[in-house]
Amino acid sequence: MKNRIDRRKVLQLMMGSPLLTSCLKAQNAHLSGVSQDAHAGPRKFLFVFTAMGGASINDSFLARRESEVKDAATLNVFPDLLVKSVEGTDLRAVDIATDAIGALPFPVKAVQSRFLNKYKDDIMVATCTGTAVAHPLAQARSVTGFDAWNGRTLQEAVAAHYGKGLLLPNINMATVGYAENGRDHTLPSFARAEPVPDPAYFPFSLHGYKGIQGAPDDVLMAMARQLRDQKLEPQSAFYQTFGASPLIQDWLKFRAKQSRFEESDAINKLNPFEDSKDLPFKNFGLDPNRDGEILREVFPDVGPDSLHNQALLAYLSVTQGLTCTATFGLGMNVSIDGKDEDNLLLTNTPTAFDYSHNAHRSTQAVLWHRILDTLDRLITLLKVTEYQNGESYWDHSMIYIATDFGRDKTRRENLREFPTGHDVNNGVTIISPMVNGGRVLGGVDNKTLKTYGFDPETGEPEPGREMTEREIYAGILHALGVDTSGSGLPSMRAMRRKA
């Protein structure tokens, strides 16, 4: 069943944001999603955004003002006017502009307060102390809770619970430690991640022959596949030798889904690009997503911007009924917005957040702004796409900003730009209608800027306590309604909105 939504709602949601300024081209356009009725009960959806390199919570939602800290000259605090607060919540935002990112001659204008004001009721920050400062290891632990459930990743746990019957329950566009599979050998094979190295080209891999000029027609392809499956392959020496192998059997099960991929028309539904002279899809028998015009207005840099490509594929794969968890985010490579050749903007620093080793404050500023801007666009689309029974996809979604670790809390006296190393002490940001939004669980010691923990049941701050990766892992799964019986995971009632 198709679900449709009036385009005007996109405008309303983006009001006050610098996005979609020309969104009135077609007032009757709609976004469409697919009802996912095969699962027993409504599904939940997990989006994991990978903040590669160490996103410091002290430079975003737990920022501190100079006037609040005694040793302000040597701690990572901000001039009072740069730190914004929102009434009714302890969450903070940093609005900052700089002329350069260390030695890199690119200006930065970061406005976190727009996102905070817009989504404050759905933003929860939970303090956490990690266990590793090596990037790949820390990244993996951010999604396994340090092997909290037999080494199963959050994404695998969600896919195992909600993904049965979906064609691509778990897609992963990340790199390094965030791209690793978990270690739980009891996990159903369908719940393991499908790696997506290039989201722009990925849709074209989901059909065996469509889009190839001169390819055989459907009838001939069906005959060829039948001959392969029933005669040629069973008689081959390779199959007779290795056909019973679990790996071969897994591959055959996956291959058997090819007809379902083709019937779903994923090659077109996941394609947001416009048919044009440069991309003549119709000449190859392809018909891109009918909502492409709206999608390209929300993500105007789709194509050259890898992050926009990733976020849009995450949205489409979920709302087209293929996926229940998608992982995407910052990579290690530099990216530049070159639309205005006279005013180039850096959209990803070398090694992402780890460029804080060279220029902490501006690196954190530009990348936090980049993250929140991208998530704003994604949430907008999720909010205007109906899931079922009048509820939107956003009503059933969670975004977890996973990061390696935090950064040093100190600086040389009064320096506005300074280098930082790795620090296991940090906090995590979760955005969802299902979490205890508008809350900071835990707090910040104004003497050191170290975060401290909270009571897992009540959420009351507990100075001196440190929250573990395992506890955060448990809280995320419980908020998503994942059955964790037998896992031994602790109860984290404080992280759930309706607990």
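**Cavities, sheets and hairpins**

I began with the lining of the second largest cavity, whose residues divide into four nonpolar, five polar and two charged. The model is a predicted one. This second largest cavity holds about 60 Å³ of space. I listed the residues that line it: Val 143, Thr 153, Gln 155, Glu 156, Asn 170, Asn 172, Tyr 178, Ala 179, Glu 180, Asn 181 and Ala 193. Helix 4 (154-162) and strand 8 each give at least two residues to this lining.

**Other cavities**

How many cavities of 30 Å³ or more does a search of the whole structure find? I noted five. The largest cavity has about 220 Å³ of space. I counted 22 residues in its lining, and Cys 128, Ser 142, Thr 403, Val 428 and Glu 469 are the ones nearest its centre. By class, this lining has eleven nonpolar, eight polar and three charged residues.

I then asked which elements supply the lining of the largest cavity. At least two residues come from each of strand 7 (123-129), helix 3, strand 15, strand 18 (425-431) and helix 13 (469-479). Helix 13 gives the most, with four residues.

**Second largest pocket**

Next I turned to a pocket. The second largest pocket has about 520 Å³ of space. Its lining comprises 21 residues, and those nearest the centre are Ser 189, Phe 190, Asp 250, Phe 254 and Lys 257. Which helix gives the most to this lining? I found helix 7 (residues 246-256), with five residues. I sorted the lining of the second largest pocket by class and got nine nonpolar, five polar and seven charged residues.

I traced an open sheet of eight strands with mixed pairing, in the order 9-8-10-3-15-18-7-19. Strand 9 (194-195) and strand 19 (439-441) are at the edges; each has a single partner strand, so one side of each has no neighbour in the sheet.

I followed one pairing inside this order. Strand 8 (residues 170-172) pairs with strand 10 (residues 325-329) in the parallel sense, over three bridges. Ile 171 has Ala 326 of strand 10 as its bridge partner. Strand 8 had already come up in the lining of the second largest cavity.

I also checked what helix 3 (residues 135-144) does here. Helix 3 lies across strand 3 (45-51) and strand 15 (397-403), and its direction is at about 155 degrees to strand 15. Helix 3 and strand 15 are both among the elements that line the largest cavity.

I found an open sheet of three strands in the order 4-5-6, paired antiparallel. Its edge strands are strand 4 (83-85) and strand 6 (108-111), each of which pairs on one side only. From one strand to the next the twist averages 25 degrees. Which helix packs on this sheet? I noted helix 12 (residues 360-383), which touches strand 5 and strand 6 and whose direction makes about 55 degrees with that of strand 6.

For the pairing itself, I looked at strand 5 (residues 92-98), which joins strand 6 in the antiparallel sense over four bridges. In strand 6, Ala 110 is the bridge partner of Ile 96.

**Two hairpins in a row**

I looked at the strands that share strand 21. Strand 20 (residues 443-444) pairs antiparallel with strand 21 (residues 451-454) over two bridges. The bridge partner of Gly 443 in strand 21 is Tyr 452. This hairpin has six residues between its strands, and Leu 449 takes a positive phi near 70 degrees.

Strand 21 also runs antiparallel to strand 22 (residues 461-462), and two bridges join them. Here Phe 454 stands opposite Pro 461 in strand 22. Which residue takes a positive phi in the hairpin of strand 21 and strand 22? I recorded Gly 459, near 85 degrees, in a hairpin with six residues between the strands.

**Aromatic pairs**

Last, I searched the whole structure for aromatic pairs and found ten. I examined one of them, Phe 45 with Tyr 387. The ring centres are 5.5 Å apart and the planes stand at 90 degrees, so the pair of Phe 45 and Tyr 387 is edge-to-face. This pair links distant parts of the chain, with Phe 45 in strand 3 and Tyr 387 in strand 13 (residues 386-388), 342 residues apart. Strand 3 is one of the strands that helix 3 lies across.

Key:
Residues are numbered from 1 along each chain as its sequence is written. This is a predicted model: local features need pLDDT of at least 70, side-chain atom pairs count only at pLDDT 80 or more; totals for chains, interfaces and linings use all residues. Side-chain values use heavy atoms; hydrogens and water are left out. Two strands pair if DSSP finds at least two bridges between them. Contact means heavy atoms within 4.5 Å. Axes are lines fitted to C-alpha atoms, for helices over the stretch in contact, and angles run from 0 to 180 degrees between N-to-C directions. On a 1 Å grid over the protein atoms alone, a cavity is a set of points where a 1.4 Å probe fits but cannot get out, and a pocket is an open set with protein on both sides within 12 Å along at least five of seven lines; lining residues have an atom within 4 Å of a point. Grid points are joined across faces, edges and corners, and a volume is the space filled by probe spheres set on the points. Ala, Val, Leu, Ile, Met, Phe, Trp, Tyr, Cys and Pro count as nonpolar, Asp, Glu, Lys and Arg as charged, and the others, Gly among them, as polar. Rings of Phe, Tyr and Trp (its six-membered ring) pair if their centres lie within 6.5 Å; planes under 30 degrees apart count as stacked, over 60 as edge-to-face and the rest as tilted.
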